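Okay, thanks for coming, everyone.

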Amino acid sequence: MSASARPPVPRKPRDRRHWYQAFFALGLNAWLPSWFKGEIFQGGIKGVCVPALNCYSCPSAMGACPVGALQTFFGGLRFNLSIAEKKFGLYVAGFMAAVGSAVGRLPCGWVCPFGFVQDLLHKIPSPKLRIPRAMTFLRYAVLAVMVVALPLLIVDEVGYGQTWFCKWICPAGTLGAGLPLMLIKPDIRPLIGFMYYWKVGLLALFLAWFVVSRRPFCRTICPLGAVWGLFNKASLFRMAVDDGKCTRCDKCRRDCPVDMKIYESANSPDCVRCLKCISSCKFGAVSYGFLGKTETAPDLRAGKAAGSGAAGTGH
C-alpha cells in the first residue's frame with residue numbers, strides 16, 4: 001500500500017491529552033461560588049486526597065493535596081504521640097501507595113493542574129534549555145527534608161511542626177491559593193509580609209523557567225512526583241520499548257515533556273506517562289500495557305496498523 005493510499009491513523013485519547021488536563025484542572029477546583037463569596041470551599045469531601053499537587057487552600061479546591069496531608073501528618077505526629085493519640089497517617093500513605101501501585105506517575109501527565117500549566121507555558125516561543133540530569137535527583141531531597149524531616153523534627157512549644165514545603169516552596173499553592181486569596185479577601189491584605197513576597201518571587205522564577213525548560217518543577221522539585229516515580233518500575237501500568245523496532249531516532253525525546261529517552265529505561269521514575277512517545281514513534285516501537293491490555297502505535301514503515309488491532313484500548 002502506498003503512503004498516499006494509507007488510511008489515516010485514528011486519533012487516540014493521548015492525542016487530546018491537553019483536554020483531559022484542562023478537564024481535571026477544572027474538576028479538582030470546581031466549587032466556583034467560593035470565588036464570589038471570598039471564602040475557601042469547606043465541603044464534606046474537602047479532606048479526600050486528590051491524585052495531584054492541588055492546593056487545599058485554593059478557594060474552589062474540592063479535595064486535599066497528598067503532599068500537604070503528608071506534611072500535616074508528620075507535623076502533628078509528635079503531639080499526637082504525646083497525648084497517646086495513635087494516628088499514623090495510614091490513609092494518606094495508603095492513597096499514595098494505591099495510586100502509585102496502579103499507574104505510577106501517570107497522574108503527573110494527565111491530572112495535575114500544575115503540570116498542565118508547565119506544558120502550556122513551554123509552548124511559548126523562546127530559546128530552550130535542557131535540565132542537567134543531576135538536578136532531577138533534587139526532588140528526593142525536597143521530599144526527605146521539606147516534607148518529612150523538618151515537619152517531624154522542628155516543632156513549637158505545643159509539639160506541632162509546620163508544613164515546610166507548602167510554606168516555603170510550593171509555587172502551585174502560591175498560584176492557586178496565595179494570589180487568589182489576596183484578590184478575593186481584602187481583609188488579609190494588611191498581613192502581607194516577607195513570606196508572601198518570597199513565595200510570589202519564587203513563583204515568578206518558576207513561571208519563567210517553565211517557558212524555557214520542560215516541566216522543571218516536576219523534574220527537580222515536586223515531592224509527589226518523586227513518590228509516584230518510585231512506583232513506575234513496579235506499577236500495573238507499564239511502558240515498553242521493542243528494541244528490534246526502535247531506531248534511536250530520538251523523535252520521542254524531542255516530543256517528551258520531561259526530555260527523556262524512553263528507549264533507555266521505559267519505566268524510568270522520570271516518566272509522567274503522557275504517552276506522547278507512542279504517538280511520536282512512527283516505527284511501532286513504544287507501547288503500554290495495563291491490566292492485560294496493550295496498545296502499540298502503528299509501524300508506518302510497514303504501512304500496516306501493527307498495534308491498533310491488537311490493542312483497541314484507551315483510557
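First, the terms: on a 1 Å grid over the protein atoms alone, a pocket is an open set of points with protein on both sides within 12 Å along at least five of seven lines, a cavity is a set where a 1.4 Å probe fits but cannot get out, and lining residues have an atom within 4 Å of a point. Grid points are joined across faces, edges and corners, and volume is the space filled by probe spheres set on the points.

Some housekeeping: this is a predicted model, so local features need pLDDT of at least 70 and side-chain atom pairs count only at 80 or more, while totals for chains, interfaces and linings use all residues. Numbering runs from 1 along each chain as its sequence is written, and side-chain values use heavy atoms, with hydrogens and water left out.

Now, the second largest pocket. It comes to about 360 Å³. Sixteen residues line it, and R17, H18, K123, D255 and K276 are nearest the centre. What does that lining look like by class? It has 10 charged residues, three polar and three nonpolar, where Asp, Glu, Lys and Arg are charged, Ala, Val, Leu, Ile, Met, Phe, Trp, Tyr, Cys and Pro are nonpolar, and the others, Gly among them, are polar. Helix α1 gives the most to this lining, with three residues; helices here are DSSP runs of H or I, at least four residues, and strands are E runs of at least two, numbered from the N terminus.

On to the largest pocket, at about 660 Å³. Of its 30 lining residues, C55, S57, C166, A177 and K199 sit closest to the centre. α9 brings the largest share, six residues.

Then the closed spaces. How many cavities of 30 Å³ or more are there? Three. The largest has a volume of about 110 Å³, and its 15 lining residues include C256, M260, C271, C274 and C277, which lie nearest its centre. That lining has 12 nonpolar residues, three charged and no polar.

Last, the whole chain: 15 helices and three strands. Its radius of gyration, over C-alpha atoms, is 21 Å, close to the 20 Å from the globule rule for 315 residues, so it is as compact as a globular protein of that length; that rule is 2.2 Å times the number of residues to the power 0.38.
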